[in-house]
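Hi,

Here is the structure I promised to pass on. My notes on it follow below.

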Amino acid sequence: MIYMQLTNRAMRIAYEAHHGQTDQSGQPYIFHPYHLAEQMTDETTVCVALLHDVVEDTAVTLEELEKEFPAEVTEAVRLLTHEEGTDYFEYVRNIRQNPVAKAVKLADIAHNSDETRLSGCENVTEEGLAFWREKYARARAILEEAGGCEILRN
């Protein structure tokens with residue numbers, strides 16, 4: 001991870017915002033954005049990776065982040081915030097326009113697709129796994145598509 005003033009600030013905000021949250025396997029949720037951040041190659045993508053779920057899953061607002069971070073960070077975070085009522089695949093299509101958001105979302109999909117994270121989870125069914133496999137495969141295809149001609153199907 002790249003440790004600079006902005007990334008250190010993003011680490012603290014993400015840590016405080018996600019404090020006490022756990023993922024499906026019971027692990028501290030903060031491990032997920034830290035895992036993504038470790039894969040990023042510059043200060044902007046590291047900050048976005050750390051903050052990618054903060055607005056969607058915590059009390060932190062985009063307006064608060066806009067006071068702390070440049071527009072290139074907050075615009076990507078805005079795109080990565082899946083608003084209730086918005087079709088998931090439309091949300092993914094919108095991410096395609098921003099290279100920073102796209103890089104973070106691809107890493108997010110890869111991490112969320114890692115079924116070893118669910119080892120020992122009793123509440124995960126084969127039907128649930130099949131649903132997630134299809135959802136994330138389609139999202140990855142949308143993001144990796146060059147021409148933007150993906151057939152609209154929901």
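A note on naming first: helices are DSSP runs (H or I, at least four residues), numbered from the N terminus. This is a predicted model, where local features need pLDDT of at least 70, side-chain atom pairs count only at pLDDT 80 or more, and totals for chains, interfaces and linings use all residues. Numbering starts from 1 along each chain as its sequence is written, and side-chain values use heavy atoms, with hydrogens and water left out.

Leu129, Lys135, Tyr136, Arg138, Ala139, Ile142 and Leu143 of H9 are buried, meaning under 20% relative accessible area with a 1.4 Å probe, protein chains only. Helix H7 (88-95) and helix H8 (99-112) are among what covers them.

A pocket here is an open set of points on a 1 Å grid over the protein atoms alone, where a 1.4 Å probe fits, with protein on both sides within 12 Å along at least five of seven lines; lining residues have an atom within 4 Å of a point. Of the 32 lining residues, Gln24, Asn112, Arg117, Trp132 and Tyr136 are the closest to the centre of the largest pocket. Helix H4 (54-57), H7, H8 and H9 each give two or more residues to the lining.

Methods. Buried < 20%, exposed > 50% of the residue type's maximum accessible area, 1.4 Å probe, protein only. Contact = heavy atoms within 4.5 Å.
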